[in-house]
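Please keep the sequence and the structure in view while reading.

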Amino acid sequence: PKPPPKGTIAALCNLYTITDYHVGMRSWKPETGADWDLKIAEDTLVSAFTQLVASSPKARIGFVNQLGDFLHFDALAPMTPTSGHLLDADGRYSHVVRTATRLLRFVIDLALRHHEQVIVNIAEGNHDLASSVWLRHLFGLLYEQEPRVTVLEGENPYYAYQHGQTMLAFHHGHLAKNSQLPLLFAARFPQMWGETRKRYVHVGHWHHVEEKEHAGMKVVQHPTLAAADAYATRHGYLSEREITSITYHDEFGQVARNTVCPEMLI
């Protein structure tokens with residue numbers, strides 16, 4: 001166990017969302033507008049997360065929200081696990097696993113140096129259905145002797161965490177529409193819903209920003225920091241690349257937001 005930092009603000013929780021990062025994807029700049037491979041993915045997240053944590057408030061809780069599709073492919077063959085679409089891949093699956101686990105460990109260790117408590121959510125995505133399972137169990141075991149780290153359990157792809165009177169809910173976005181999520185989370189977590197006043201559900205999957213307030217809950221759809229692949233580019237799916245931290249107060253809900261984009265990185 002590592003000693004906790006001093007001077008954190010008890011009422012605050014910084015939510016760091018990493019979604020659709022697609023470690024193991026290969027992208028060629030002349031075709032897609034930006035290069036992407038295993039080295040670029042690692043260098044980009046290390047720099048971006050370091051800057052994001054440094055620019056965020058000194059919250060007592062740091063919430064590492066890995067919201068799915070962290071790995072680009074889910075087995076030895078570079079194909080989507082459900083539809084079998086061939087993917088542009090960089091490296092063997094073992095190389096992808098090494099990079100992904102090293103990156104997640106870096107992110108959690110950095111959060112530990114800045115926050116008294118670290119919560120980790122490893123969500124299921126449509127690209128990493130099986131990998132999200134072993135990642136969740138692996139990191140639960142890796143930090144089982146660190147009392148300041150909690151890896152959320154759950155075999156269902158809908159996750160929730162209560163921060164005082166603030167409810168934070170999570171779903172990758174591949175199984176339910178955004179408009180369905182408020183009622184779905186109210187039904188799945190009725191006690192947490194009843195004990196909270198501010199409620200937010202965070203989704204990824206679509207690679208672009210969308211935010212809408214529904215009755216009782218706000219749906220926040222996050223962009224990705226990763227470059228686009230050939231499929232997205234050819235179909236005209238364009239979006240800004242960025243990663244955000246959102247600071248939540250245990251009584252007042254969202255009170256701050258910080259953003260890092262690739263152009264800011266050196």
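His22 is located in the loop between S1 and H1. The model is a predicted one. With a relative accessible area of 5%, His22 is buried, because the cut-off for a buried residue is under 20%. The phi angle of His22 is near 50°, a positive value in a residue other than glycine. Another residue in the loop between strand S1 (9-18) and helix H1 (29-32) is Asp20. Asp20 also has a phi near 50°, again positive in a residue other than glycine. Its relative accessibility is 0%, so Asp20 counts as buried. As background, most residues other than glycine have a negative phi.

Next comes a pair of helices. The axes of helix H2 (residues 38-55) and helix H3 (residues 93-114) come within 11 Å and cross at roughly 10°. Angles under 35 degrees count as roughly parallel, and H2 and H3 are therefore roughly parallel to each other. On the H2 side, the contact is made by Leu38, Ala41, Glu42, Leu45, Val46, Phe49, Thr50 and Val53. On the H3 side, the residues they meet are His95, Val96, Thr99, Arg102, Leu103, Phe106, Val107, Leu110 and His114. The residues of this contact comprise eleven nonpolar, four polar and two charged.

Phe49 lies in helix H2, and with 0% relative accessibility it counts as buried. Leaving aside residues up to four places away in sequence, Phe49 touches Tyr16, Ile18, Val107 and Leu110. Phe49 and Ser245 are 196 residues apart in sequence, yet their C-alpha atoms are 9.5 Å apart in space.

Helix H3 holds Val97 as well. Apart from residues up to four places away in sequence, Val97 touches Leu71 and Trp134. Between the C-alpha atoms of Val97 and Asp74 there are 9.7 Å, and the two residues are 23 residues apart along the chain.

The loop between H2 and S2 contains Ser56. At 8% relative accessibility, Ser56 counts as buried. Ser56 touches Asn14, Tyr16, Ser245 and Asn258, not counting residues up to four places away in sequence. The C-alpha atoms of Ser56 and Arg257 are separated by 7.9 Å, although these residues are 201 residues apart along the chain.

Pro57 is also found in the loop between H2 and S2. Is Pro57 buried or partly exposed? Its relative accessibility is 26%, so Pro57 counts as partly exposed. With residues up to four places away in sequence left out, Pro57 touches Leu12, Asn14, His115, Thr247 and Asn258. Pro57 and Phe185 are 128 residues apart in sequence, and their C-alpha atoms are 28 Å apart in space.

The aromatic rings come next. How many aromatic pairs does a search of the whole structure find? It finds ten. In one of these, the ring centres of Phe63 and Tyr161 are 5.4 Å apart and the planes stand at 70°, so the pair is edge-to-face. This pair links distant parts of the chain, with Phe63 in strand S2 (residues 59-66) and Tyr161 in strand S5 (residues 159-163), 98 residues apart. Both Phe63 and Tyr161 are buried.

Tyr158 and Phe185 form an aromatic pair that is edge-to-face too, with 6.0 Å from centre to centre and 75° between the planes. Distant parts of the chain are again linked: Tyr158 is in the loop between strand S4 (149-151) and S5, and Phe185 is in helix H5 (residues 181-188), 27 residues apart. Tyr158 has a relative accessible area of 12% and is buried. For Phe185 the relative accessibility is 0%, so Phe185 counts as buried.

Tyr21, Trp36 and Phe70 form one aromatic cluster. An aromatic ring also meets a charge in this model: the charged end of Arg199 sits over the ring of Trp193, 4.4 Å from the centre of that ring.

Definitions and conventions: Residues are numbered from 1 along each chain as its sequence is written. This is a predicted model: local features need pLDDT of at least 70, side-chain atom pairs count only at pLDDT 80 or more; totals for chains, interfaces and linings use all residues. Side-chain values use heavy atoms; hydrogens and water are left out. Axes are lines fitted to C-alpha atoms, for helices over the stretch in contact, and angles run from 0 to 180 degrees between N-to-C directions. Helices (H or I, at least four residues) and strands (E, at least two) are DSSP runs, numbered from the N terminus. Angles under 35 degrees count as roughly parallel, over 145 as roughly antiparallel, 65 to 115 as roughly perpendicular and the rest as oblique. Contact means heavy atoms within 4.5 Å. Ala, Val, Leu, Ile, Met, Phe, Trp, Tyr, Cys and Pro count as nonpolar, Asp, Glu, Lys and Arg as charged, and the others, Gly among them, as polar. Rings of Phe, Tyr and Trp (its six-membered ring) pair if their centres lie within 6.5 Å; planes under 30 degrees apart count as stacked, over 60 as edge-to-face and the rest as tilted. Buried means under 20% relative accessible area, exposed over 50%, partly exposed in between (1.4 Å probe, protein chains only). A charge sits over a ring if NZ of Lys or CZ of Arg is within 6 Å of the ring centre and within 35 degrees of the ring normal.
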